[in-house]
Amino acid sequence: MSSPLIYGCMTIGGSWDDTPPDAGTVDRARTAVRTALDAGITDFDHADIYANGKSEAVFGELLAEDPRLAGRIRLQTKCGVRLPGNTAASGAPVHYRLDRDTIRAGLEGSLRRLRVDSVERLMLHRPDPLADPHEVADALDELRKEGLIRSVGLSNMSTLQVAHYQQLLATPVTALQLELSLRHRGFVEQQILANHPEGAQHSFPEGVLEYCTANGIEVQAWGALARGLYTGAPIPPEDQHAAATAETVQRVADAHGVSGEAVVLAWLMRHPGGIRPVLGTTDPRRIAACAESVALAPRLGHEDWYALLTAARGAPVP
Ligand SMILES: NC(=O)c1ccc[n+]([C@@H]2O[C@H](COP(=O)([O-])OP(=O)(O)OC[C@H]3O[C@@H](n4cnc5c(N)ncnc54)[C@H](OP(=O)(O)O)[C@@H]3O)[C@@H](O)[C@H]2O)c1
């Protein structure tokens, strides 16, 4: 059974260069992962590019230290983003590449670094306009037949892209990862402003949550904490509504006796789309604070939910 929250491992490997992770980085990662496990989190999100592969390598080290851990967790990783000096040669432009060899090499590198034989899910990190979807689907189906992955995830894709892959793949598409938060709330604005001139100001893949719900594809939210914008991180002066939103978050948190992080995440989880936040914090206190969202989400009432939305958008709903 998967946990409502997913732990995002993007930053546990330290810097995004090729210096090896030092003991401090590994200690911080160990504390973060243990705190996440203690908070009931069973699912961990990776990508081949994170900290130049070091996030997966550090996680692999933690799995080697505690061989029983692998049986308690579910791993997903991503492939297809090519960063210079990371997954691409230095001097190459940042680009996306989803062909048979890149997908296989990306997964094999992740399995090697994570020190596991398979992962629950391989995600296509971003759409590559030059990819042949038939080749991509074939490549993923081969990986599944070989027992290296159990299912496919997609990330930063539109409704039609999801539908297309679902149609081509024999392997089940089980998750879509998108940036969703109180700040990045186009998914809600689009629903509210379906018949309103301001609707055009909000870009979000139309109907994607509805499509995923109807097809049993879970929606995962990256950037769910809005990088702490409403829970204590410095507010940039140009972000007009963030201070008022942070106050509303605190008011709701105080009323329910929970942390601000719990409110920010519960706002997403209260949506009937079954959204699973992917937490990017490495701070153990914040990880524990995030875990309070699980109990809060079903208790977050309509008025609190709309008060948070109204504060974040800086205007009442029409
Ligand atoms: N599919 C994709 O394209 C994609 C893109 C980006 C990320 N992801 C995944 O999603 C996960 C989360 O994404 P994210 O890290 O961008 O989003 P996030 O969870 O919204 O933000 C986490 C970041 O915000 C900082 N932060 C949180 N609260 C703070 C506060 N009160 N004060 C100061 N800093 C605060 C954290 O620092 P501390 O560690 O110090 O708390 C951390 O650096 C990643 O780990 C990765 O697994 C996926």
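Modeller: First, a term. A pocket is an open set of grid points with protein on both sides within 12 Å along at least five of seven lines. A molecule sits in a pocket if more than half of its atoms lie within 2 Å of the pocket's grid points. By that test, the ligand here sits in the largest pocket. Keep in mind that this is a predicted model.

Now the shell. There are 28 residues around the ligand. Those that come nearest are Asp45, Gln177, Thr281, Thr282 and Arg286. By type, the shell divides into ten nonpolar, twelve polar and six charged residues.

For threonine 281, a polar side-chain atom lies 2.5 Å from an oxygen atom of the ligand. For threonine 282, an N or O atom of the side chain is 2.7 Å from a ligand oxygen. Tyrosine 50 faces a ligand nitrogen instead: an N or O atom in the tyrosine 50 side chain is 3.3 Å from that nitrogen. The cut-off for a polar contact is 3.5 Å, so the tyrosine 50 pair falls within it.

How much of the ligand does the protein bury? Taken alone, the ligand exposes 900 Å². The protein buries 84% of that area.

Notes:
Residues are numbered from 1 along each chain as its sequence is written. This is a predicted model: local features need pLDDT of at least 70, side-chain atom pairs count only at pLDDT 80 or more; totals for chains, interfaces and linings use all residues. Side-chain values use heavy atoms; hydrogens and water are left out. A residue is near a molecule or strand if one of its heavy atoms lies within 4 Å of it. A polar contact is a pair of N or O atoms within 3.5 Å; within protein, one must be able to donate a hydrogen and the other to accept it, and residues adjacent in sequence count only if both atoms are side-chain atoms. Accessible areas come from the Shrake-Rupley method with a 1.4 Å probe; for residues, only the protein chains shown count as cover. On a 1 Å grid over the protein atoms alone, a cavity is a set of points where a 1.4 Å probe fits but cannot get out, and a pocket is an open set with protein on both sides within 12 Å along at least five of seven lines; lining residues have an atom within 4 Å of a point. Ala, Val, Leu, Ile, Met, Phe, Trp, Tyr, Cys and Pro count as nonpolar, Asp, Glu, Lys and Arg as charged, and the others, Gly among them, as polar.
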